[in-house]
Amino acid sequence: MSTIPAGRQQFILSLVKTQGSVNVGSLAEQLGVSELTIRRDLDQLATKGLVERTHGGATMRRNLPVEPDYLQKASEYPKEKEAIGKAVAKLVEEGDTLYINSGSTTFEVIRAVVDLQKKVTIVTNNIDAIWLCKESEHIRLILAGGVYRSRSHSVSGSLASMLISQIHANKAIIGVDGFSPSAGLTTPILEEADTTRAMIEHTVGRVIVVASSNKIGVVSNFKTVSLDLVDALVTDEMGADLVKQMEIPEDLQIIVATTEV
């Protein structure tokens with residue numbers, strides 16, 4: 001096996017693609033080099049965006065270059081998203097002002113918050129919030145303006161950001177297309193990233209990310225924020241297992257939403 005870094009890294013990358021993940025110790029043994037050398041190789045591959053670093057090695061980085069259709073997203077992991085919504089609702093308190101962005105998981109969050117029957121204000125660019133909240137006497141719903149996007153059932157862009165800049169929420173509940181320690185929170189749509197970033201920047205309390213396991217380790221085109229601006233991640237059991245392997249900020253709380261049997 002080549003002792004040249006580029007040769008080693010190419011071999012490591014081929015293993016990651018084949019196996020899905022690699023371990024520092026086994027790589028060092030296979031390649032006849034120190035574990036420190038392997039860690040440096042993995043760090044360089046991660047910097048290039050080719051792998052996602054874990055505590056003991058690396059996993060394949062999954063990319064999402066094209067935004068999936070909303071109905072397609074809504075049909076994926078429905079029980080897990082419902083459980084995530086209910087878990088997040090437990091964090092909501094009477095009188096809260098909540099930023100909630102677009103997405104099928106945040107749709108379940110809004111549904112669960114409505115069921116709480118607590119007096120809260122929801123500021124959102126999720127258009128489907130209208131019919132969820134239309135019968136509720138407890139929810140004060142503020143819709144962000146902007147350009148409507150049927151693919152995401154949302155509005156976004158500079159008009160939405162202008163409204164958001166006038167409101168300071170005490171919690172932000174953020175859905176994502178990708179959650180990655182190296183890339184942070186990402187989405188395939190620039191305007192969605194801008195709108196979500198504005199929500200986070202104008203939150204004076206906790207930033208709570210909601211993501212089912214199929215979003216963990218995924219990187220899309222446009223970065224919203226780094227993970228150091230996130231206070232908590234609410235995910236399903238499989239998602240929690242994936243995150244435990246990753247090098248995330250120590251103070252990022254992981255909340256596991258369990259599905260009802």
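## Legends to the close-up views

**View 1. Tyr77 counts as partly exposed because its relative accessibility is 31%.** (By relative accessible area, buried means under 20%, exposed over 50% and partly exposed in between, with a 1.4 Å probe and protein chains only.) The model is a predicted one, in which local features need pLDDT of at least 70 and side-chain atom pairs count only at pLDDT 80 or more, while totals for chains, interfaces and linings use all residues. Residues are numbered from 1 along each chain as its sequence is written, and side-chain values use heavy atoms, leaving out hydrogens and water. Tyr77 sits in the loop that joins helix H4 (70-74) to helix H5 (helices are DSSP runs of H or I with at least four residues, strands are runs of E with at least two, and both are numbered from the N terminus). Although Tyr77 is not a glycine, its phi is positive, at about 55 degrees. Most residues other than glycine have a negative phi.

**View 2. His153 is a residue other than glycine with a positive phi, near 55 degrees.** The loop that holds His153 runs between strand S8 (147-149) and strand S9 (154-156).

**View 3. The whole protein contains 10 helices and 17 strands.** Its radius of gyration, taken over C-alpha atoms, is 20 Å, close to the 18 Å that the globule rule gives for 261 residues, so the protein is as compact as a globular protein of that length (the rule is 2.2 Å times the number of residues to the power 0.38). The C-alpha trace spans about 70 × 40 × 35 Å along its principal axes. Of the 261 residues, 52% count as buried. Among contacts with a separation of 6 or more, 65% come from residues 24 or more positions apart (a contact means heavy atoms within 4.5 Å).

**View 4. Ile110, Val113, Ile122 and Val234 have the most contacts inside the largest nonpolar core, a set of 27 residues.** (A nonpolar core consists of buried Ala, Val, Leu, Ile, Met, Phe, Trp, Tyr and Cys residues joined through side-chain atoms within 4.5 Å.) Elements that each give at least two residues to this core include helix H5 (78-89), strand S5 (97-100), helix H6, strand S6 (120-124) and strand S16 (232-235). The largest share, six residues, is from H6. Leaving aside residues up to four places away in sequence, Ile122 touches Leu98, Ile100, Ile110, Val113, Ile139, Arg140, Leu141 and Ile142. A second core, separate and made of 25 residues, includes Ala198, Met199, Ile200 and Leu252. In soluble globular proteins, nonpolar side chains tend to be buried together.

**View 5. The structure has one cavity of 30 Å³ or more.** Ser102, Gly175, Val176, Asp177 and Thr187 are the closest to its centre among the 22 lining residues. At least two lining residues come from each of helix H6 (104-116), strand S10 (169-175), strand S12 (184-187) and helix H9 (190-201). By class, the lining has six nonpolar, 11 polar and five charged residues (Ala, Val, Leu, Ile, Met, Phe, Trp, Tyr, Cys and Pro count as nonpolar, Asp, Glu, Lys and Arg as charged, and the others, Gly among them, as polar).

**View 6. The second largest pocket holds about 170 Å³ of space.** Its lining is made up of Gly20, Thr54, Thr59, Met60, Arg62, Ile216, Gly217, Leu242, Gln245 and Met246. Four of the lining residues are nonpolar, five polar and one charged.

**View 7. Phe107, in helix H6, counts as buried at 9% relative accessibility.** Phe107 and Gly20 are 87 residues apart along the chain, with 31 Å between their C-alpha atoms.

**View 8. Glu201, in helix H9, counts as exposed at 56% relative accessibility.** The C-alpha atom of Glu201 is 8.6 Å from that of Ser165, a residue 36 positions away along the chain.

**View 9. Pro5, in helix H1 (residues 5-19), counts as partly exposed at 41% relative accessibility.** Between the C-alpha atoms of Pro5 and Glu191 the separation is 39 Å, and the two residues are 186 apart along the chain.

Technical notes
On a 1 Å grid over the protein atoms alone, a cavity is a set of points where a 1.4 Å probe fits but cannot get out, and a pocket is an open set with protein on both sides within 12 Å along at least five of seven lines; lining residues have an atom within 4 Å of a point. Grid points are joined across faces, edges and corners, and a volume is the space filled by probe spheres set on the points.
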